[in-house]
Each structure stands twice: as structure tokens, then as C-alpha cells.
Amino acid sequence: MRLRVLCALLVAGPPAVPAPASASPGFWSLTDLAAQRVQIADKVAAAKFGTPSPIDDPVREQRILDSVAAKAPGLGLGAADAVRFFRDQIEANKLVQRGLYARWTEDPGSRPPERPDLATEVRPVIDRLNAGLLTELAQTRDARARRSCDVRLDVTVRLVDARRELDRLHSVALGESVRSACSRP
């Protein structure tokens with residue numbers, strides 16, 4: 001019976017309007033923010049491609065993880081779990097960057113025409129998304145601890161993926177970005 005309901009949800013397509021996080025213990029907001037973070041990787045890649053700036057930025061990554069670890073307890077989250085989730089966000093972002101680098105190298109005509117400024121255009125967006133993701137982790141704490149978390153999260157990932165019309169690269173990255181969202185007892 002559950003399988004039929006899940007299949008019906010997937011066949012019906014994404015909902016017309018996403019449910020607000022406050023309306024239910026669902027994963028829509030968390031997953032949609034993760035999708036936005038995966039999509040911002042395009043701008044990160046465009047800013048770095050063809051420059052000496054590497055995809056891996058261990059100093060910036062550690063700053064993000066340290067910030068998350070410091071804020072997590074104040075939101076009722078375990079620092080280690082929050083850091084693990086954000087490490088997945090960072091790795092998913094780098095997955096997209098590497099995929100785009102390969103695409104642009106093979107087909108230089110597909111490169112974006114403009115190079116956004118990381119400091120003023122891109123990083124403020126990432127910081128806002130990170131803050132939202134951390135808040136959503138706290139708001140979904142109980143739902144993420146349920147046995148149904150993996151199935152519910154998988155359905156939500158598919159719905160967000162369809163709603164945002166992600167290509168294969170971004171779809172895979174979205175799945176990777178939320179893989180540690182469910183709490184393990």
C-alpha cells in the first residue's frame with residue numbers, strides 16, 4: 001500500500017506550492033534549500049573556471065564547518081551530525097563544479113559568458129543558504145530521526161528535483177547533498 005502511495009506521488013509530479021516547513025515535519029524546505037545550494041555551484045564554477053582558484057578550498061570549507069559546529073548546539077543539534085550534513089553540501093557543490101569544468105573543457109562554447117564575483121555575488125548567497133539549511137536541520141530533527149526518514153526524504157528529493165528540473169549532474173549532487181540528513185539511532 002505504501003509503495004502505491006509513493007508511486008502515485010511520484011507520477012503525479014511535484015505539488016503546485018511547496019508546503020511550508022511550519023505546516024508539517026516534512027523535508028520540502030530542507031531539500032529545496034539543498035537544491036539551491038547545488039545550483040549555486042554553477043556560479044562558483046563560473047567564477048573559478050580558467051583561473052588559478054582551485055575547486056577545493058580547504059580554508060573556506062573549514063570555516064563553514066567550524067561555524068556550523070559552533071551554531072548547532074544552540075539549535076538543539078549535535079555538532080558532529082551538522083558538520084557531516086554540511087560536509088555533504090560542500091562535496092555535492094564540488095561534484096557539480098567538477099562536472100561543469102569537464103563539460104566546459106570539452107565544449108568551450110558552453111561556458112558561461114560572465115564570471116561572477118565570488119566574494120560579492122556568490123558567497124553571500126551560500127551563507128544565506130547555509131543559515132537556512134541549519135535552521136531546517138533543527139526544524140526537522142524529529143522527522144529525521146524517524147524510521148521513515150529515508151523513504152520520505154527520497155520522495156522529497158525526487159519531487160524537488162522534478163520541480164527544479166535538474167539535469168543529471170545536479171540531480172546526483174542533490175541526492176549526495178542530503179544523504180546524511182536522516183539521523184541514525
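A word on what we're looking at. This is a predicted model, where local features need pLDDT of at least 70, side-chain atom pairs count only at pLDDT 80 or more, and totals for chains, interfaces and linings use all residues. Residues are numbered from 1 along each chain as its sequence is written, and side-chain values use heavy atoms, with hydrogens and water left out.

Okay, the overall layout. The protein chain has 8 helices and 0 strands, so reading from the N terminus you get α-α-α-α-α-α-α-α, with the elements taken as DSSP runs (helices H or I, at least four residues; strands E, at least two) and numbered from the N terminus. Out of 185 residues, 41% count as buried. Buried here is under 20% relative accessible area, exposed is over 50%, and partly exposed is in between, with a 1.4 Å probe and protein chains only. The chain exposes about 10200 Å², and carbon and sulfur atoms supply 55% of that; the areas are Shrake-Rupley, again with a 1.4 Å probe, and for residues only the protein chains shown count as cover.

Now, helix α2, residues 28-48. Its 21 residues reach 31 Å from first C-alpha to last, close to the 30 Å expected at 1.5 Å a residue. That expected span is 1.5 Å times one less than the number of residues. How many of the 21 residues in α2 are buried? The count is 17, so α2 is mostly covered. After α2 comes Gly50, with a positive phi near 80°.

Let's stop at one residue in that helix, Ala47. Ala47 counts as buried because its relative accessibility is 9%. What does Ala47 touch, once we skip residues up to four places away in sequence? The answer is Arg115, Pro116 and Leu118. Ala47 and Asp117 are 70 residues apart in sequence, yet their C-alphas are 6.2 Å apart in space.

Helix α5 has 22 residues and reaches 30 Å from its first C-alpha to its last, close to the 32 Å expected at 1.5 Å a residue.

On to the empty space. Rolling a probe the size of a water molecule over the atoms shows where empty space is left. Points are joined across faces, edges and corners, and volume is the space filled by probe spheres set on them.

By this rule there is 1 cavity of 30 Å³ or more. The largest cavity holds about 190 Å³ of space. Of its 15 lining residues, the closest to the centre are Val44, Lys48, Arg60, Asn93 and Gln97. Helices α2, α3, α4 (79-106) and α5 each give two or more residues to that lining, and α4 has the largest share, with 4. By class, the lining has 6 nonpolar, 2 polar and 7 charged residues. For the classes, Ala, Val, Leu, Ile, Met, Phe, Trp, Tyr, Cys and Pro are nonpolar, Asp, Glu, Lys and Arg are charged, and the others, Gly among them, are polar.

The second largest pocket also has about 190 Å³ of space. Its lining includes Arg60, Arg63, Phe86, Asp127 and Asn130. The elements giving two or more residues there are α3 (58-71) and α5 (118-139), and α3 supplies the largest share, 6 residues. This lining divides into 6 nonpolar, 2 polar and 4 charged.

Glu165 sits in the loop between α7 (149-164) and α8. Most residues other than glycine have a negative phi. Glu165 has a positive phi of about 50° although it is not a glycine. Is Glu165 buried or exposed? Exposed, because its relative accessible area is 70%.

Then there's Glu176, in α8 (residues 168-177). At 35% relative accessible area, Glu176 is partly exposed. Leaving aside neighbours within four places in sequence, Glu176 is in contact with Asp88 and Ala92.

Key:
On a 1 Å grid over the protein atoms alone, a cavity is a set of points where a 1.4 Å probe fits but cannot get out, and a pocket is an open set with protein on both sides within 12 Å along at least five of seven lines; lining residues have an atom within 4 Å of a point. Contact means heavy atoms within 4.5 Å.
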